[in-house]
Amino acid sequence: MGKSIGYLNLFMKHFLNLIMAVLTGSVFMQVVFRFVINKPLAWSEELAIYCLVWLTFLGAAYAMSLKAHIGVDFFIELFPVSVRKVFFTMATIASIAFYIIMIVQGYDLARQSMAQLSPVLRIPMGLVYSVIPISGLFLIINLVHLFTKGVKTGGKMV
């Protein structure tokens with residue numbers, strides 16, 4: 001299971017790099033067309049916004065795989081490992097509950113927004129919003145993987 005999650009995260013890393021390249025290219029083109037050619041592009045700003053949204057949500061899921069989310073360990077380290085395991089389990093359960101809400105509500109939002117088109121690119125807004133349930137699923141997968149690896153140490157990854 002760990003190997004397939006590793007491949008999933010490797011794919012996500014490359015997909016995030018691709019989104020970042022599209023975002024950078026779009027913003028660069030907008031600057032060139034606006035300030036050099038004096039004919040701003042209508043679609044580049046909207047594309048950059050949607051790329052940033054996807055980059056943020058999927059980046060959060062990828063950061064989960066690296067255990068790169070911010071956390072305060074000072075108080076947790078004051079407790080013995082048995083109590084830390086309880087805190088780690090409670091935090092994992094609360095996070096999974098939130099991610100399940102993200103998946104359910106995000107899917108509902110994406111489904112309801114499929115008929116609405118974006119102003120300039122004319123793509124269904126449901127495609128833009130679909131990153132919410134997708135990232136929620138990836139967050140759960142990575143969190144469960146980290147939980148199974150870290151439950152013995154109370155969440156402390158070596």
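These legends describe close-up views of a predicted model. Local features are reported at pLDDT of at least 70 and side-chain atom pairs at pLDDT 80 or more, while totals for chains, interfaces and linings use all residues. Residues are numbered from 1 along each chain as its sequence is written, and side-chain values use heavy atoms, with hydrogens and water left out.

**View 1. The largest nonpolar core has 22 residues.** A nonpolar core is a set of buried Ala, Val, Leu, Ile, Met, Phe, Trp, Tyr and Cys residues joined through side-chain atoms within 4.5 Å. Buried means under 20% relative accessible area, exposed means over 50%, and partly exposed lies in between (1.4 Å probe, protein chains only). The members that touch the most others are Met12, Leu16, Ile19, Leu58, Met64, Tyr99 and Leu139. Helices H1 (2-36), H2, H3 and H5 (131-150) each supply at least two residues of this core, and H2 gives the most, with 8 residues. Helices (H or I, at least four residues) and strands (E, at least two) are DSSP runs, numbered from the N terminus. Beyond its neighbours within four places in sequence, Ile19 is in contact (heavy atoms within 4.5 Å) with Cys51, Trp54, Leu55 and Leu58.

**View 2. Ser135 lies in helix H5.** Ser135 counts as buried because its relative accessible area is 0%. Leaving out residues up to four places away in sequence, Ser135 touches Phe57, Leu58, Ala61 and Met102. Ala60 is 75 residues from Ser135 in sequence, yet their C-alpha atoms are 7.7 Å apart.

**View 3. Helix H3 has 32 residues.** From first C-alpha to last, H3 reaches 46 Å, close to the 46 Å expected at 1.5 Å a residue; the expected span is 1.5 Å times one less than the number of residues. Buried residues of H3 are Arg84, Phe88, Thr92, Ile96, Tyr99, Met102, Gly106 and Ala110. Their cover includes H2, helix H4 (125-129) and H5. An α-helix has 3.6 residues a turn, so residues three or four places apart point the same way.

**View 4. The whole structure holds 2 salt bridges.** A salt bridge is a side-chain nitrogen of Lys or Arg within 4 Å of a carboxyl oxygen of Asp or Glu. One joins the side chains of Arg84 and Glu77 at 3.2 Å, N to O. Arg84 is buried, at 13% relative accessible area, whereas Glu77 is partly exposed, at 37%. Asp108 forms a salt bridge with Arg111, with the closest N and O atoms 2.6 Å apart. Asp108 and Arg111 both lie in H3, 3 residues apart, about one turn of the helix. Asp108 is partly exposed, at 25%, and Arg111 is also partly exposed, at 47%.

**View 5. A nonpolar surface patch covers about 850 Å².** The patch is made by Val72, Phe74, Phe75, Leu78, Phe79, Val86, Phe87 and Met90. Patches are made of residues with over 30% relative accessible area and no salt bridge, with like charges joined within 9 Å and nonpolar side chains (Val, Leu, Ile, Met, Phe, Trp, Tyr) within 5 Å. Accessible areas come from the Shrake-Rupley method with a 1.4 Å probe; for residues, only the protein chains shown count as cover. Phe75 lies in the loop between H2 (43-65) and H3 (81-112) and is exposed, at 54%.

**View 6. Asn38 has a positive phi, near 60 degrees.** Asn38 lies in the loop between H1 and H2 and is exposed, with a relative accessible area of 59%. Arg122 has a positive phi of about 60 degrees although it is not a glycine. Arg122 lies in the loop between H3 and H4.
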